[in-house]
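This briefing covers one chain, read residue by residue and then by element. Please keep the sequence and the 3D view open while reading.

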Amino acid sequence: MQIIWIHGFPLNSQIFEAQRKIKGAEHKTPDLPGFGRQPPAPAIQGIGDYATYVLASSPKEAVFAGLSMGGYICFAIARMAPERVRGLILIDTKETADTADGRKGRFDMIEKVQKEGIKPVVESMLPKMVINESLKPKVRQIMESSSKEGVMAALRAMAERPDCSDLLPRINAPTLIVVGEKDTITPPSDAERMKNALPNASLIKIANAAHLSNMEKPDELNAAVEQFLSRHHL
Ligand code: MLT
């Protein structure tokens, strides 16, 4: 089985370096347009366009794993092509749309990025990404490699993404939810709400980890994924 690992914002596939060691699956870690090695693409107008982009290079059936914005993209994939989703791994993410304040904050940030480049995004988000100080230089390097156009397109796509609460009860694919106990962007309460709404989900909370729980505690996350794959014969 292939696992397609979809990164968060404003990050790239390097965040999943440790997940490539997970046994029993083949791993694909695409960079989304405008992030990592992938140039920005004018075709990206909304979250659904990232889903189309990921699906275009994915096999007929796969396990889709998304961290934060990657999770928003997983929900778009589950809506567009449920028959291709054999399993879901939702890491530090949520199904709800932005609040009105959250949306306004994204549009204010787009204006700032237009004038100042991506520095304001990096400075505002880095403190919330990890609690382990030794990981911050690496996370900063990953964030700083994002393109201005890619960051603006993703901010707009996230601001306009639909609420997916209605979708959860219809997702029958086995789902593993993972959340860092210290995640303040998508806290454990979001993960618990998703677990309760999904028909076939289990939830793992990772102690002493914030938003990038997969980077902070790779061994715990990898073990949980290996168990998930074997329990569901994926
Ligand atoms: C992410 O990590 O992808 C972002 O924090 C998601 C968001 O800003 O909603």
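At 30% relative accessibility, Arg-86 counts as partly exposed, a class lying between buried (under 20% relative accessible area) and exposed (over 50%), with a 1.4 Å probe and protein chains only. This is a predicted model, in which local features need pLDDT of at least 70 and side-chain atom pairs count only at pLDDT 80 or more, while totals for chains, interfaces and linings use all residues. Residues are numbered from 1 along each chain as its sequence is written, and side-chain values use heavy atoms, with hydrogens and water left out.

**Single residues**

- Arg-86 sits in strand β4; helices (H or I, at least four residues) and strands (E, at least two) are DSSP runs numbered from the N terminus.
- Beyond its neighbours within four places in sequence, Arg-86 is in contact (heavy atoms within 4.5 Å) with Met-1, Glu-61, Ala-62, Ala-173, Pro-174, His-233 and Leu-234.
- Lys-136 belongs to helix α5 (residues 136-144) and is buried, with a relative accessible area of 17%.
- Not counting residues up to four places away in sequence, Lys-136 touches Leu-126, Pro-127 and Val-130.
- Glu-116 is part of helix α3 and counts as exposed at 52% relative accessibility.
- Glu-116 and Gly-36 are 80 residues apart along the chain, and their C-alpha atoms are separated by 20 Å.

**Helix α9**

- Helix α9 has 14 residues (218-231), which at 1.5 Å a residue should span 20 Å, and its end C-alpha atoms are 20 Å apart, in agreement; the expected span is 1.5 Å times one less than the number of residues.
- Its buried residues are Leu-221, Asn-222, Ala-224, Val-225, Phe-228 and Leu-229.
- Seen down the axis of α9, these buried residues fall within an arc of 160°, so they line one face of the helix; the arc is that of the directions from the helix axis to the C-beta atoms.
- On the other side of α9, the exposed residues are Asp-219, Gln-227 and Ser-230.
- The cover over the buried residues of α9 includes β1 (2-6), β4 (85-91), β5 (175-180), β6 (201-206) and α8 (213-216).
- His-233 follows α9 and has a positive phi, near 55°.

**Helix α2**

- The 12 residues of α2 should span 16 Å at 1.5 Å a residue, and the end C-alpha atoms are 17 Å apart, which agrees.
- Because 10 of its 12 residues are buried, α2 is largely enclosed by the rest of the structure.
- Among the buried residues of α2 are Gly-70, Gly-71, Tyr-72 and Phe-75.

**Largest pocket**

- The largest pocket has a volume of about 470 Å³; on a 1 Å grid over the protein atoms alone, a pocket is an open set of points where a 1.4 Å probe fits, with protein on both sides within 12 Å along at least five of seven lines, and lining residues have an atom within 4 Å of a point.
- Of the 26 residues lining this pocket, the closest to its centre are Arg-106, Met-125, Lys-128, Met-158 and Ile-185.
- Two or more lining residues come from each of α2 (69-80), α3 (100-116), α4 (119-129) and α6 (148-159).
- The largest share of the lining, five residues, is from α4.

Terms used
Grid points are joined across faces, edges and corners, and a volume is the space filled by probe spheres set on the points.
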